Amino acid sequence: MAPHRHDAPLPRRMIALWRSPRLQALALGAIAACGFQPLGLWPLTLAGLALLLELLRRTTGARGAFALGWFFGVGHFTLGNNWIATAFTYQANMPAWLGGIAVFLLALYLALYPALACALARNLCSRTVGRTGALAFAALALTFASCWIVTEWLRAWAFSGFAWNPIGVALLGPFDTRGLALLAPWIGTYGLGGVAVLLAAVPGLFVRLGAGRSAFGRALWALPPIAGFAALGALMLLPDRWAPREQGTIRYTLIQPDIRQEYIDDPRQFENNFVKMAMLSLPEVPGRKRVVFWPESGLGDYLRDGYPDYYYRMYTYAGDPALARQRIGRVIGPYALLLTGAVDLVMQDGEDVAARNNVTAFDGYGDLLASYSKAHLVPYGEYLPMRGLLTPLGLSRLVPGSLDFWPGPGPRTIDFGSYGKAGIQICYEIIFSGQVVDPLNRPDYIFNPSNDGWFGLWGPPQHLAQARLRALEEGLPILRSTTTGISAVIDADGIVRKFVPRHTAGRLDGFIPPPHKPTAFARLGNALPLALAGVLLLLALSAVALDRRRG
């Protein structure tokens, strides 16, 4: 009598377990996440998508396809977002071990989007179920690419949006090359995600087209995709020599003070932090005009008047915001403009009711010129959703303080005359494709101050990669000043001109790269990738009809 399944030897049971398509999809999701920084193993992203497509082809119903995509998403987002767990080590209100659980719980939600893409693709291609030809496979691949574009775009704004690491980021090359992301000015980041799916489908399509040929014929048939992927590898790895390296006319100084996260919110360290930033900002040539960029969170002082006295006594230089402003002016010199991250309070009836994460502009005399308030706030970082429900359960924000931050109105351009027109996106805001520039008032450059000190090892390089895509899409240079790295000057082609590595105090000087003319994406935004999704779907329907006719 054959042994009962549960009595089988452990290796055999493990092999049987691995044969489960859902567990395979879970592993493939993690493999696909290896294409993101800091690993940058983009062939693994394409391999993960290619094998997911093969699993999807064998699935007969939308429900099974949804489960397949959901398991893929859980593996993908758990590995790709592992940096979130590090944030829990820098607060005392919740145990650090909760960070790993938070990453997994977030992945359970984010996995709904690839699950939806898989379910929609399988449902739309229901007429090709059981058909093994090249046309049926092409129809599924085109449909899946279309659905992937739409669901990634949906993820960027549903429930306030979490747009971190769309799959197209894996197609961006190293610092000195654009890779296949050179398509971003025409199809946007979500369009690049569709391109990634199509590239992943190429091997499977050629295998089906070569079916029935002799061994020699199959070898010849394999040459075009092999040559194509070799060219893609060269495009992804070789320096982008043909992109012009123009020099602008606005002089800048950008600093990275290397203020570690454990010292950011410690009042005993505020003066030391200021001295670090001040020493990195002193003018090399007195009287030279320049824009000085300081990071988010580095400045502890409250700089506006009208707050409760105890805030000034605890946090502000000599207890006087006027003195704090004046010494900033003395540091940068009379011919400089300073843009720095700062926290402002929201006052009602003499009481502080909220805060705003701002960038504030100062002139060389310490006078306040303008400010910008962050619009895309980080849930659980800068505010606690459903506070009345979650606070009694022991949950709190990861950022110290009892006040929630309030959002600003959105992208804004500030005209500083001879210092240029500055667009500002604070930290997390830069990841939202198509939402970083005021379309009615295009800036000359985007300033992206950030505090990446609590993003772990994977977060900072992923953040920088997404900023590079915004530069490519909009045709605008981006200047990133961060507390601990990676700070960088990115030109309008997405090339990193200069940078300061993580956990290094440093300063960058030069001229802000010039902007390009508005790109197609700058004019039309995410209408372009959504239009691409529509075109792919029409091609897929044509392939389905042709396959049915041939059948």
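Predicted model: local features only at pLDDT ≥ 70, side-chain atom pairs only at ≥ 80, totals over all residues.

Me: Why is H6 called roughly parallel to H7?

Reply: The crossing angle is roughly 25°, and angles under 35 degrees count as roughly parallel. That makes H6 roughly parallel to H7.

Me: Which residues make that contact?

Reply: From H6 you get Leu108, Tyr109 and Leu110, and from H7 Leu112, Tyr113 and Pro114. By class, the contact has 6 nonpolar, no polar and no charged residues.

Me: How do you know that the span of helix H3 agrees with its residue count?

Reply: H3 covers residues 42–58, which is 17 residues, and at 1.5 Å a residue they should span 24 Å. The end C-alpha atoms are 25 Å apart, which agrees. As for burial, the buried residues in H3 include Trp42, Thr45, Gly48 and Glu54.

Me: How many disulfides does a search of the whole structure find?

Reply: It finds 0.

Me: What makes Cys118 too far from the closest cysteine sulfur for a bond?

Reply: A disulfide needs the sulfur atoms within 2.5 Å. The closest cysteine sulfur to that of Cys118 is in Cys147, and it is 9.1 Å away, so that is too far for a bond. Cys147 is in no disulfide either; for Cys147 the nearest cysteine sulfur is that of Cys125, 8.0 Å away.

Me: Why are Cys118 and Cys147 called buried?

Reply: Buried means under 20% relative accessible area. Cys118 is at 0%, so it counts as buried. Cys147 has 7%, so it is buried too.

Me: What makes Arg251 partly exposed?

Reply: Partly exposed lies between the buried limit of 20% and the exposed limit of 50%. Arg251 has a relative accessible area of 24%, so partly exposed is the label. Arg251 is found in strand S1 (residues 251–256).

Me: What does Arg251 touch, not counting residues up to four places away in sequence?

Reply: Arg251 touches Arg288, Lys289, Arg290, Val291, Gly510 and Phe511. Val291 is 40 residues from Arg251 along the chain, yet their C-alpha atoms are separated by 6.4 Å.

Me: And what about the chain as a whole?

Reply: There are 18 helices and 12 strands in the chain. Buried residues make up 54% of its 551 residues. Of the contacts with a separation of 6 or more, 69% are between residues 24 or more positions apart.

Conventions:
Residues numbered from 1 in each chain as written. Heavy atoms only, no water. Axes fitted to C-alpha atoms, helices over the stretch in contact; angles between N-to-C directions. Helix = DSSP H or I, 4+ residues; strand = E, 2+ residues; numbered from the N terminus. Parallel < 35°, antiparallel > 145°, perpendicular 65-115°, else oblique. Contact = heavy atoms within 4.5 Å. Nonpolar A, V, L, I, M, F, W, Y, C, P; charged D, E, K, R; others polar. Expected span 1.5 Å × (residues − 1). Buried < 20%, exposed > 50% of the residue type's maximum accessible area, 1.4 Å probe, protein only.
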